[in-house]
Amino acid sequence: MSRTGLLLGYGNPLLDISVNGNQEFLDKYDLKANNAILAEDKHVPLYDEMVKTFKDSVEYVPGGATLNALRVAQWLLGNKEATTFFGCIGKDDKFGSILIDKSKEAGVNVQFQYTEKEATGTCAVICTGNDRSLVANLAAANCFTESHLDNADNWSLVEKAQYYYCAGFPLTVCPAAMLRIAKHANEKNKTFCMNLSAPFLCSFFKQPMLEILPYVDILFGNETEAEEFAKANDLGTTNIKEIALKIAAMEKTNKSRSRMVVFTQGDLAAIVAQDGKITEYPATSVNSTDVVDTNGAGDAFVGGFLAQLVQGKPISESMRCGHWAGNLIIQRPGCTFPENPSFA
């Protein structure tokens, strides 16, 4: 069994509102079928409209990339509160209460910061076929401040952890908090992991991303994000393997271990770049008729990977569990899972 507080994450806690939509609805709000964006003013009416238009398929699931990954890791680890999560939600609101209850039910030790300025964040998940379009209204998640780490009880949880994970999304909110956690991990020779998370982060939030990168031991991403990172940073290639090797070789603060870059490519083999070498790990494909919802597949992959990593298992086992978890999640609505894992 894994000890409590072993893995800590900071991210944007959101309640996912998921529907089976259509192209007409995507076009109306100028959305791509398979993308993740932050809500703009023009998207404000979308949330109510999607619930009314597709009322037969509406699902409410705790979300946000970091929390999703932690929930999956927690489920696989089994030991209550093996994982800890920081993020900001609205004070005493309905969606926040659902998030707290569902997260605690999953065994995650959620230590939220609360704000009265905004309601708990939501994320529209519009599924069309095997694609999903995410429109995040960060709301309260946008109000997270580094002062949460100044609280002695919260910082003691940071000190207790040995592994850390942040999706890339908090780069738009509080990169200072990510950096502080990453620096602590480096100073204590612990493992800090980050995800590129979305193409727009690689370009529009390039500077904070590059500030944190020297402290990143393991970097996750998919092929689209990898290509955008390469373009934004003039890496001079669109070859995913070359991009992974170049990122792995970028400046790193803790020289005692080399950076690992893990890129998934849907049902194509995932690649791991480290020490100038590429290793491929074939993905096990799921029959398209069994695919229910691809939302959360990438988060589940990370959760599966981390669940093995924190137990000291070899990378091959982390990759196998990551693929297993990703496959399981896409056969269910949202980032949900059965009561007990069957990974063996």
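Me: How are α3 and α11 oriented to each other?

Reply: This is a predicted model, in which local features need pLDDT of at least 70 and side-chain atom pairs count only at pLDDT 80 or more, while totals for chains, interfaces and linings use all residues. Residues are numbered from 1 along each chain as its sequence is written, and side-chain values use heavy atoms, with hydrogens and water left out. The axes of helix α3 (residues 65–77) and helix α11 (residues 297–309) come within 7 Å and cross at roughly 45°, where axes are lines fitted to C-alpha atoms, for helices over the stretch in contact, and angles run from 0 to 180 degrees between N-to-C directions; helices (H or I, at least four residues) and strands (E, at least two) are DSSP runs numbered from the N terminus. Angles under 35 degrees count as roughly parallel, over 145 as roughly antiparallel, 65 to 115 as roughly perpendicular and the rest as oblique, and α3 and α11 are therefore oblique.

Me: How many nonpolar, polar and charged residues make up the contact of α3 with α11?

Reply: Contact here means heavy atoms within 4.5 Å, and the residues of α3 that meet α11 include A65, N68, V72 and L76, while those on the α11 side include D299, V302, G303 and A307. Ala, Val, Leu, Ile, Met, Phe, Trp, Tyr, Cys and Pro count as nonpolar, Asp, Glu, Lys and Arg as charged, and the others, Gly among them, as polar. On that scheme, the contact of α3 with α11 divides into nine nonpolar, three polar and one charged.

Me: In which handedness does α11 pass α12?

Reply: The two helices pack at an angle of about 145°, with their axes 7 Å apart. A crossing is left-handed if the near helix is turned anticlockwise from the far one by less than a right angle, and right-handed if clockwise. The crossing in which α11 passes α12 is right-handed.

Me: Is N68 buried or exposed?

Reply: N68 is found in helix α3, and, not counting residues up to four places away in sequence, N68 touches D16, P62, G63, D299 and C335. Buried means under 20% relative accessible area, exposed over 50% and partly exposed in between, with a 1.4 Å probe and protein chains only. Because its relative accessibility is 2%, N68 counts as buried.

Me: How many residues apart in sequence are the parts that K28 and E49 tie together?

Reply: A salt bridge is a side-chain nitrogen of Lys or Arg within 4 Å of a carboxyl oxygen of Asp or Glu, and K28 forms one with E49, the closest N and O atoms being 2.9 Å apart. K28 lies in helix α1 (residues 23–28) and E49 in helix α2 (residues 46–53), so the pair ties together parts whose separation in sequence is 21 residues.

Me: By about how many helical turns are E317 and R320 separated?

Reply: E317 and R320 form a salt bridge whose closest N and O atoms are 2.8 Å apart. Both residues lie in helix α12 (residues 315–329), and because they are three residues apart there, their separation is about one helical turn.

Me: What is the phi of D234, roughly?

Reply: Most residues other than glycine have a negative phi. D234, found in the loop between α9 (223–232) and α10, is exposed at 69% relative accessibility. D234 is a residue other than glycine, yet its phi is positive, near 50°.

Me: In which loop is D275, another residue with a positive phi, found?

Reply: D275 has a positive phi of about 55° although it is not a glycine, and D275 is exposed, with a relative accessible area of 54%. The loop that holds D275 is the one between β13 (268–274) and β14 (277–281).
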